[in-house]
Amino acid sequence: MQSFDIIVVGAGIVGLVQALALKNSGLKVAVIDSQPPPQVPEGEPRHRVSALTLASQNVLHALGAFAQISKQRSAAYCGMSVWERDSFGHIEFNAQDVEQAYLGYIVENQAVQASLWQQAVEAEFISLFSSCQIDKLALSSQGNFISLSDERMLSARLVIGADGANSLVRKQANFPLTFWDYDQHAIVATVKTVTPHDNIARQIFTPTGPLAFLPLWQTNYCSVVWSQDEAEASRLLQLSAEDFNKALTVAFDNQLGLTELVSDRQSYPLKMRYARQWVADGVVIVGDAAHTIHPLAGQGANLGIMDAAALAEQIENLVKADKDFALAKNLRPFERWRKTEAVKMIATMEGLKRLFSGSNNTKKFIRDAGLASVNRFSQSKRVLVKNAMGLAGELPALAKSQ
């Protein structure tokens, strides 16, 4: 039996941020994951990318991982362009609006994970268990016990579930879940464009769903996230590469010229999940284990990173005050804090989806007039840019400027 103060289940971005953010707590931490150690991506760009906000970059910088991330296959984007198809509604953001050099970074999730893993390998207080399936997870107020597929046994005062949307920890803790199906699938792919992306993130709203082109490190390569109603997504996936390229170019208003697929196409269903309980004695959940949102603003990873930083801050404060960091009553402030931010994000994403769905002429005029109006007023744009950079709301200390 190996004993730890905290066991983090899940070595994705959020789980590794969680472990590393506890570096000043004096606690002994273990991280368990069923996958092998992540490697720095090479060759074809990976499908899953994140638009890391400035707040998330601050966290990654504080953990020693961002320098390596920024040297890898990443692209700093300095502007955003959002519009609706066949309308006059359009809004543009620029880093100069808030006196910044850029708004965020587009980077492959695997690159972020690999950099964090390397930092975790070098951290004396972290023990890493990769390629390990959990055979049994026993959670109780008296202690938590985990048996692994290789017959090793672990125990901890606190188990943190950072194990994704289908979280084993959440299920074992019997945390109730609210969810609904968006009735959409997100098609993800990498494309080459005729016109350089100029490090601008672009998104167009169509009657059947939003389409985003995220600039990659190569000047003519973009990561595409195309959210479509299920029937339309199925049709698009069955098209030949040539026909898909044409359909994508038309849907994107030919903004960057004819697109060319340089990867396969993948898709996944879009669902909103929200755990109504995040903490109990000896257990807490963060990231996608606690909430999943629509990808139209690319905020999922950022929300999870903030969860991890906030929880680490709460645990450190409890340790300094000589209070039990594993008791639910002592973790309630974290739960209230991050639930508030998650609900705001879920409500915003749902509102945007509903606002830009359909082709009702009256509704279309109202939203287009709103976009055009905001685009004319610099103060309104500054507020939106601040939100896009992750600098709004109550931030963990690690997320503030270094």
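Colleague: In which crossing, left-handed or right-handed, does H1 pass H8?

Modeller: Keep in mind that this is a predicted model. H1 covers residues 13–21 and H8 residues 300–320, and they pack with their axes 9 Å apart at an angle of about 25°. Angles under 35 degrees count as roughly parallel, so H1 is roughly parallel to H8. As for the handedness, H1 passes H8 in a crossing that is right-handed.

Colleague: And how many residues of the contact of H1 with H8 are nonpolar?

Modeller: On the H1 side, Ile13, Val14, Val17, Gln18 and Ala21 take part, and they meet H8 residues including Ile305, Leu311 and Glu316. Two residues of this contact are polar and two are charged, while the nonpolar ones number eight.

Colleague: Which residue in the loop between H8 and helix H9 does Arg157 pair with?

Modeller: Arg157 sits in strand S11, and its partner is 167 residues away, so the pair links distant parts of the chain. Arg157 is partly exposed at 42% relative accessible area. The closest N and O atoms of the salt bridge are 3.3 Å apart, and the partner is Asp324.

Notes:
Residues numbered from 1 in each chain as written. Predicted model: local features only at pLDDT ≥ 70, side-chain atom pairs only at ≥ 80, totals over all residues. Heavy atoms only, no water. Axes fitted to C-alpha atoms, helices over the stretch in contact; angles between N-to-C directions. Helix = DSSP H or I, 4+ residues; strand = E, 2+ residues; numbered from the N terminus. Parallel < 35°, antiparallel > 145°, perpendicular 65-115°, else oblique. Left-handed = near helix turned anticlockwise from the far one by under 90°. Contact = heavy atoms within 4.5 Å. Nonpolar A, V, L, I, M, F, W, Y, C, P; charged D, E, K, R; others polar. Salt bridge = Lys/Arg side-chain N within 4 Å of Asp/Glu carboxyl O. Buried < 20%, exposed > 50% of the residue type's maximum accessible area, 1.4 Å probe, protein only.
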